[in-house]
Amino acid sequence: MQPAVEANIAGLRFWLTGIAFIPAYLALNVMTARYQFHSLGITMWSPDDGLTVVLLLQGVKFIPFVLIAALLADLLISHVHHSIYIVILAEIGVTAAYVALAVVLRDVLKFSLRRTELGDVLAMLLAVPAAAILTSLIYCGILYLAGSLPGDELAPAMRHFWIGDTVGIIAILPAATAAYAIWSMTRWVWRTKDTLDWSVFIVSSVAALGVIYGTSSAYAYHLFYLLFSPIIWIGMRTGYAGSALALLAIQTAFFLSASHAGIIDDDFDQLQILMLVLSTTGLILGAAVTERERANQRLRAQQGELVRVSAQATAGAMGMLLAHELSQPLSTVATYAVAARRMLQSGADSEPVMDALRKAEAEAQRTRQVVERIRDLVSVGRMELGEVNLVEAALKIRTLCIEGANARGVDIAVECARPIPLIAADLIGIEQVLNNIIGNAVDAAAERGDGRGRVVVRLTSDPQTATVEVEDNGAGVAPEMAENLFEAYQTSKPRGFGLGLTLSRQIVRRHGGRISWRPIAPRGTRFIVELNIKGPEEDAE
């Protein structure tokens, strides 16, 4: 869109808004002219002034429209009896005060009609009564100095003005905010719940007003508290927007019906004070409910994001876990396959070749079992319990690791002073635990670099427990990792994932056992796996 076109549209919007403001202002003035203080243009409810502040919050460029509307209202509706010059001077002073209020709200307190936050409500509830004191002082002071207002009536006139201004602005500003919030909704649907909520509000409000006006004006003040119930109801059910619109509706109905009920000025003065209390209560309650709902929405959004991130992290961790657990058996398969190929190329006998291929096949089968068991363990925690010979399992893992360990200057020994009873356990899971711990021990011992690395796997038992201890004479666990050694992603290996001990602890715990570690003096580490001989107390399927 061209800048010239945008400027024309902005100019048209300015004129249409300003022109529309004037009849709306005059209509509100006609509606509220009933309780006027001595034909001085001072009423006990001034929603027209609230409309003025709404307009000035859009920009001080609307000042001319505000002055024109105020002058027309004084001359054509209120029929003030002082001179035109006093009217102009008084309205200029009041308009300046409204401009100051709009500037303070918008630029200092950061109030916005486009927000329904509790902070904006509190800012409005603090600024508006204070500004109303200033406007009442300016307007009534000018009339007093001009001789249009006797000195003994200055204080009552200021009180009258302050009540009307405060209650009027506090009724219109929140309603404008609520209207904007509803208008800006991408999709607004009237629900059955809304029908019920507003029906209860309307019925209870009409009943409360009927009770208030059905008694003498002397008791109306005491019965006014009946109006708190419908406002609290709608505030709790619909939040700030509902409270604001409900308060405007109650204030309008209350003002229009008061004269028909015979409420005199002095009694209406007191009732408007209660209306201010009701408005403050309803707006704060509605804003708090909206804030809570907004916080709940943010929490739900954060939980959804957390679930998404958690799912991604779980998928990533699963991938790393598979890479961690499959790297060794796949490397072994590759080693045997390469050995078989070389023997075939060298013309060796078929028996060594077949032996290498059988070993490669066995490792491939073990790889498949590892994948299936990790899947079962991670997804539903399922284990296949059977009688497991810990000594044979330890010797099998030694056989798998010894060649690579010897190449790195590390020896692996399995010690068992007396027979170990068979235990009820998941064989693949126990083999993975032993493979992780012994593999870590080999890595630690290999870091010595002197070819004297040693790993000892020691098996012992008592009537209830079978214990596997894996010792190495490496450098030991780094101090910064000691407290979180079994947590995920804790590793000192340049290409490690830090998942081996995490998975090992999970498997051992599923067996009802315990895994721990302690340093060895002068150097080295001992990992201890304790397993119940009879297996876990419960097998969680």
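A salt bridge is counted here when a side-chain nitrogen of Lys or Arg is within 4 Å of a carboxyl oxygen of Asp or Glu. By that criterion Arg106 is bridged to Asp107, with 3.2 Å between the closest N and O atoms.

## Basis of the model

The model is predicted: local features need pLDDT of at least 70, side-chain atom pairs count only at pLDDT 80 or more, and totals for chains, interfaces and linings use all residues. Residues are numbered from 1 along each chain as its sequence is written, and side-chain values use heavy atoms, with hydrogens and water left out.

## Overall composition

The protein chain contains 14 helices and 7 strands; these are DSSP runs numbered from the N terminus, with H or I over at least four residues for helices and E over at least two for strands. Of its 541 residues, 45% are buried. Buried means under 20% relative accessible area, exposed over 50%, and partly exposed in between, using a 1.4 Å probe and protein chains only.

A contact means heavy atoms within 4.5 Å. Among contacts with a separation of 6 or more, 75% come from residues 24 or more positions apart. The protein chain exposes about 27,100 Å², of which carbon and sulfur atoms supply 61%; accessible areas come from the Shrake-Rupley method with a 1.4 Å probe, and for residues only the protein chains shown count as cover.

## The sheet and its helices

An open sheet is formed by 5 strands in the order β2-β4-β5-β7-β6, with mixed pairing. Two strands pair if DSSP finds at least two bridges between them. At the edges are β2 (410-416) and β6, each pairing on one side only. Neighbouring strands of this sheet are turned by 15° against each other on average, direction ignored. Strand β5 (residues 465-472) pairs with β7 in the antiparallel sense over 8 bridges, and Glu471 has Arg526 in β7 as its bridge partner.

Helix α12 (residues 390-407) packs on the sheet and touches β2, β4 (453-461), β5 and β7; its direction makes about 170° with that of β2. Helix α13 (residues 427-446) also packs on the sheet, touching β2, β4, β5, β6 and β7, and its direction makes about 20° with that of β5. Axes are lines fitted to C-alpha atoms, for helices over the stretch in contact, and angles run from 0 to 180 degrees between N-to-C directions.

Thr525 is found in strand β7 and is buried, at 4% relative accessibility. Not counting residues up to four places away in sequence, Thr525 touches Val470, Glu471, Asp472, Gly476, Val477, Trp517, Arg518 and Ile520.

## Salt bridges

The whole structure holds 16 salt bridges. In the Arg106 and Asp107 pair, both residues are partly exposed, Arg106 at 28% and Asp107 at 38%. Arg294 forms a salt bridge with Glu291, with the closest N and O atoms 2.9 Å apart. Both of these residues lie in helix α10, 3 residues apart, about one turn of the helix.

Glu415 forms a salt bridge with Arg458, the closest N and O atoms being 3.4 Å apart. This pair links distant parts of the chain, since Glu415 is in strand β2 and Arg458 in strand β4, 43 residues apart. Glu415 is partly exposed at 32% relative accessibility, and Arg458 is partly exposed at 24%. A network of salt bridges links Glu415, Arg458, Glu469, Glu471 and Arg526.

## Surface patch

Ile68, Leu72, Leu75, Leu76, Ile84, Tyr85, Ile88 and Ile92 make a nonpolar surface patch of about 730 Å². Patches are made of residues with over 30% relative accessible area and no salt bridge; like charges are joined within 9 Å and nonpolar side chains (Val, Leu, Ile, Met, Phe, Trp, Tyr) within 5 Å. Helices α3 (63-78) and α4 (84-108) each supply at least two residues of the patch. Tyr85, in helix α4, is exposed, with a relative accessible area of 68%.

## Backbone features

Most residues other than glycine have a negative phi, and most peptide bonds are trans. Lys110 has a positive phi, near 60°; this residue lies in the loop between α4 and α5 (118-145) and is exposed, with a relative accessible area of 52%. The peptide bond from Ala521 to Pro522 is cis, with omega near 0°. Pro522 is in the loop between β6 (514-519) and β7 (525-532).
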